[in-house]
Structures are given as C-alpha cells and as structure tokens.
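Please read this briefing alongside the sequence and the structure, which follow here.

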Amino acid sequence: MRNPSSSDLPTKYPGDKLAILKLDVTDAQAISSAFITAREKYGRVDVVFNNAGSALMCELENTPEDKARALFDTNFWGAINVMKEAVKAFRTNSPPGGTLLQNSSSSALASNPGIAFYSASKSALESATEALAQELDPAWNIKITILESGPFKTAAIGSNMLVLPPSPPYSSSPSIGANQTRAWVSSGELYKFAGDPSKAVKVFYEIATRESSKETEERVEGEEGERKEVYDRVVLHPFSVLSAQRRIESLPLFFSELASNLHNSLSGYQSIGTGMMAGNFAIQAGAGFVLAWIVWKLASRFVFKSPLDILQAPPSASFLSGNIPQIFNMDGWKYNRDLLSQYGRAFKVTGAFGERILFTFDPKALHHILVKDQHIYEEAAAVINRNLIFVGPGLVATLGEQHRKQRKMINPVFSINHMREMIPLFYEVTERLRVSLKKKTANGPKEVDIMQWMTRTALELIGQSGMGYSFDTLESEEVLHPYAVYQETIFDYPRTKRFIVDHIPIKRVQELKKVVDIMHKTSLDIIKAKKVALNSSDPRVRAEMMKKKDIISILMNANAKAEEDDRLTDEEVFGQVSTFVFAGQDTTSSAMCRILHLLCIHQEVQNKLRAEIRDAQKDGQLSYDQLVSLPYLDAVCRETLRVYPPLNFALLRTARKDMILPISKPVTGANGKQVTEIMIPNGTHIIPSILGSNTNPDLWGDDAHEWKPERWLSLLPESVVDAHIPGIYSHLMTFLGGGRACIGFKFSQLEMKVVLSVLLSTFKFDLPKDREITWKMTGIAKPYVGSGPQLPLVMTAIN
C-alpha cells in the first residue's frame, strides 16, 4: 500500500496472517523487495491482485504530457512490473503455480470522451497480459484472469481522480463529449450508478480460490450479483458488458472494411487472374460480413442479456416482428391501452428479430429524452432519412446544428403577433368553406363527408397563410390538388431512388411518381416566384414581397437579411414548404374531425359551445384575442387533444450513447423488484407514448380516459402540475416538447378555433343513421366507415 498507516486491517487480523507493506508501483525495486518479503514470511505467493491504477480526465489535445506519462507509469509500467514479479514468484513456487488477477477496465474495450490516456493505458495492459498468457509454459500452472471493471463506489472515481478543467476551444460548449463526462462525475451521477465494491471482492475471491483452471466470466450488476460462465475474462458492471458488446459488434464492420480495402487494392492489378481473385474474395467477404452481422444481431438479442431485460414486457407474438404489428395495428386501441395500464410508465417491447425497445410515458424520462438530453436521444436515423426523401432538408429531416439553425430562423414567423396578422387569411378561407357547405344544406339536412372538407380546408389554410399560394377554391366537388393526393399516399408508398422508380413498370408506382413530381414542381414554383420578386429590380415588386404575411415570404425575407453563417440554403427553404404540408395538414384535419364527431355524440356540449361562440360574435367577427379567450372552446380543444391526440406516439428516438434514464416513480421490474432508473445501451430505440402521458391515471385521475371538457374550466390536479410534463402545450405531450416540439402548434390551435367558430355558428351536426364510424390508428388517426376513410355527418344550416 502507498500509505499503510491509513488501513485498519492490522486491528482485524493477527501478524502471522497479514503483512502490510509500503509500496509505490512506479518503483520497480520496491516491487521486487515486496515479493521477496512475502516469500520469506509465508514461503510462497499464490495469488496476486494487480490493482495498480490512477485516473485522469481531460481532452486528449489538452492533456499535459507529464500528466499522461505519469498515468502510464502507474497504469501500464507499474502493473507490468508487478506482473513480471508475480510470474517469477509463481514459477519458483514449489510446486509451481499461482493466480494473477489483472485489474483492467471496461474502457479498454470501448473508450469514452475525456479519458483517452486512461483507456489507452488499460488497452495496452490487456494486450501485454494476453501476450504473456500465451508465452507461459503450461507446466508452470499459472492462471491469468483479466478483470474488466466498470465504475464502483471507491475513491478511484472520487477523490483519487484527477479532473483537469476544459480549455479553449473545448470550454465553449457543455454539450461537447468530455464536458458531459465531467458533468456526470461532478454531479455525482457516476457515483450513484457505480456498483458495490464488496460484491466485486466476493467475485475476486471466488476466482482466486477456484480449484480448476476453468475459464469463467463473472458479471456483477449494481445491487445484484449475477454470474454467467463464458471464456476467461471477468466483466464487472453493466458498463463493461455494454463495452464488450460494442467491441464485438464492431468486428463485422471491421472485416467488411478490410475486405473492401483488399478488393480495391487487388483490383488495381491488370492480371485477369488477380482480378477474378479480388472479385471472388470481395463476394466471399461481403457474404461473410452479412452472415457475421446477422449472427451478431441474433446473438445480441437472444444470447446476451441487456439492461432493458430488467423491465417487464408483454409476450412477443412473433419472432420476426415481435409486438410491432399489435402496437401499430389499425385497430390496436385496446391493445395499446392494455399495455399502458398493465405494464406502467416504462416497459420493454419486442421489435423485429428480438430487438429490445423501450416504451415509456414517464414524465421525468420524457424530460430527459426530449429536453435535457435531446442531443443524445435524437430521432432514429430511419425516420430522418424517410423524411428527407419525402420533404427534403426541412425541420423534420435535419438534426443537430442544422436543425437548430433552421428552427432559430423559423421561430419568429410563429409568434403570437404574427398569428394575429394571419386572422384575416384564416377567415377568408373558412368563409369559402362555409359558403360551399351552405349550398349543400340549402334544401335541408344533408349528409356530408366532413373529413374531405376538413382535409381540403387544412391544405388551403396552410397554402394561403404558409406560402401565399392557393391549393383549392373549396368549391363543391372540386378535384383535390395533387398536394392533397400526395398526403393521402405518402404513408402507403415511400419514395425511392429516382432511377429505380422510373423503371418499375407498375401503374401504382408510376402514378405516385407523377404526384411526387407535381408536389416537387409546385414547391419549386412557389419558391422561385418569391425569389424573383425578392430580387426584382422594380422597387414596387420588392416592396410588395416585403409586405407579404405568409410564412415562407417572411422566412425568405429574414433569410436574405441574415448573417452568412445563419442563412439557410435554397434547398433548406424549399424543404420548409413541403414540411409545413407534411406536418400540418393531416394532423390538424384529424383533430377537427375528431372534435366534430365528439360534438355529435355529446349534443349538450355542442349546444353549450355554440352558445358561447354566438354570444361572443354579437359584435361581429371574432378577433385573435377573443378566440383564444373563449373558455369552453379552449376546453373542448384541449380535452380532445388530450384524450384523442392525432398521433399516439412520438417519432422513434435512438440513444446515441450509453445513458442512465431516471424515472419519476418506480416501476415493478421483471423480477418483481422496484426499478428507479434504467440503463439505456447505445443504439436503443425508444417509443415515447403521447397517449400514455396524456391519459396517465396517476396524474389525471381515475377518469383520465374519459372526455370531459369541463375539467379545463377549473384548476388542474396538483399531480398534473407537479409532474412537470415536458410538453409545450397545456401539460400535454400532443405537440411534444424540447427542440423537436411542433413549431406550429399555435398555428394549429388558431386554425382549429377559427374553423370551429365559423362552422358551429352556422350548422348543427348530427350522427348519420345506420352508419358506424370507427377511428383507425393509421399513423395519424382517421375516421373510417367500412374499409374507407370518411366521416359522414348530417349537417343542418341554422339561423
């Protein structure tokens, strides 16, 4: 020990069983003397626990060389010298033999930001140990076990860790990797998650005293010790398990890249034979990679344990697809509600081929996923790539700094002041809708597919107020604009690479190609026309463009004035046009359809709401401030968006690194014990449940699933307020929260209230006879009659 006087061991053990020697592992002579003393006192040395080590945290670029060399003197050379003396002692025992426990680290398998030199020292130590194990004569009976430890509650991750402060340019952002690691250490989160060292010691003792040289792996997880026999390493703590899995997972990629490089090198030769050899090798290597990848994926899901296995999970219905078909089934309402009520606010579901997916609606977990650690829990790559294909590089198809820059530029156009200026446009469009529906009901009550009209109205509202462009006159029986057709087909057929699409001789694909082309051309025409006006040499044309109030015009004006670093590219501006239609049309029309359907079911609510609207309209058309201050209209909208959100789930998130996810209230785990936080492995997919949060009985009460607008006319339960739900709207997750929250939620609210105020003051709505209306979970919820989406309601014009 470096400081024997600090130990209380001499008071517990007699001198003939314990000898404490002062030792500095950076002193090779002192190490040799310690082994000589041990042999003289006890006759032989049977077990050596080589625990020499110190920790240093700093960015690689800024780590002082003397600090890095001092770290290697301890972690590598100190451990090497102990190992050399241990082997010498074991070999000279009579009979020869001994056990070396080489304490390494999970960082030897997969490093983390801020500990480059620590990881390098441990990796070097492991390589040297592996080489030594192969050099030893089996007759010497020396057993070596590498201990790959994660964090444990010791001074190694506390007072003994040297943490150097960040310096420029790394000090500028707290989100840079090493700064996150520093924050995790300084906040105590690392120590909180660290394992129990007493349980690790028990494992060490079992290994040291085992009778045979059987190769084992022991795994110690936090509060529970769990052992599983494989190979000759000892992996301690979930961090080490995850690091090992990541290291193994990288092997198929390594071999794939190796094959590619060899193929490229060999292909450079002109020899036909060599070329054939390169081609065959590449094919074989490619096949080997695919096979290795499949084997790894299956092994990681069915052989290796995951930290998510601590959670409860519904039975998987299929090896191929898991629970996914049931969760996303068009008629999956009951299945989803049963999941939420049976398994609680955080549980595991099974994806394709056994993939483990976290399903959660816990408010604290959602806060970390959507707000605090949103840069780590980004939307899944598949989601971003799909959106990029559909709409271009707009808000829903970008990540990181590019997304932040776009959002910063677009935020002002959704301000309350701008919403006030949009009111005339909203009323102009809605008045066209009212006139057409009045014509339909001129001769008495009329059954009308209100869904078609809400979809057309939503598109025209986005077109006029969002782009200064008319998609639809809203005259009766008018053919839908291709944009509307595009929205209807976008979730049925993804747009693939143009070359492939052009050569698929299928009528359905070719029709969709035409729709997408028209959608692209229309967006391009809108942008080009505005750009020509903005750059016109005619000051009157430029002035007219500057006065336009639609979102894209304001965005383009602001973009032209922005600094070069903040400016969006033409492609990004173009992407916003498609994004507004993609994100806003079906969701808002779905919400308006749901409200009108509910008002038909609850006629007393419809009558009360109509009375409030008509009373407010006595002095004429309602202003923005009047609309947003109507309490019952607001209550009906909020309650509908709470109980019946257009989207039941937020878009899939993916953890970009290993994380600890806290939850606000313990859940019962698969083993019956309480779980208070969840270890999230890198690459884990997460489904945030909007419906689960909005209808959580712990927060909203036993009637959480009931549609009761009156609940919004008084103070909400303290449990709702105290939960700090991270949604940007009314303690709800309907519009999400954080940096990827719906930027146009105020626009959507205003659109709904204008349309409802005009329609309800003009018409009475009733359910049709002998027509069963059901709602389907079609991505965005839609009403169906039979096999087709529609919402037939009986409309009656009223004075």
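Which residues make a nonpolar surface patch of about 310 Å²? The patch is made by Phe319, Leu320 and Phe353. This is a predicted model, in which local features need pLDDT of at least 70 and side-chain atom pairs count only at pLDDT 80 or more, while totals for chains, interfaces and linings use all residues. Residues are numbered from 1 along each chain as its sequence is written, and side-chain values use heavy atoms, with hydrogens and water left out.

**Surface patch**
- Leu320, one of the residues of the patch, sits in the loop between helix 8 (272–302) and helix 9 (324–327).
- Leu320 has a relative accessible area of 54% and is therefore exposed (buried means under 20% relative accessible area, exposed over 50%, partly exposed in between, with a 1.4 Å probe and protein chains only).

**Salt bridges**
- The structure holds 32 salt bridges (a side-chain nitrogen of Lys or Arg within 4 Å of a carboxyl oxygen of Asp or Glu).
- Arg740 forms a salt bridge with Glu379, and their closest N and O atoms are 3.2 Å apart.
- Because Arg740 lies in the loop between helix 27 (718–722) and helix 28 (745–760) and Glu379 in strand 11 (residues 377–379), the pair ties together parts that are 361 residues apart in sequence.
- Arg740 is buried at 12% relative accessibility, and Glu379 is buried with a relative accessible area of 5%.

**A network**
- Asp703 forms a salt bridge with Lys708, with the closest N and O atoms 3.2 Å apart.
- Salt bridges that share partners join Glu639, Arg642, Asp703, Glu706, Lys708 and Arg711 into one network.

Technical notes. Patch = residues over 30% accessible without salt bridge, like charges linked within 9 Å, V, L, I, M, F, W, Y side chains within 5 Å. Areas by Shrake-Rupley, 256 points an atom, 1.4 Å probe, with all protein chains shown as cover. Helix = DSSP H or I, 4+ residues; strand = E, 2+ residues; numbered from the N terminus.
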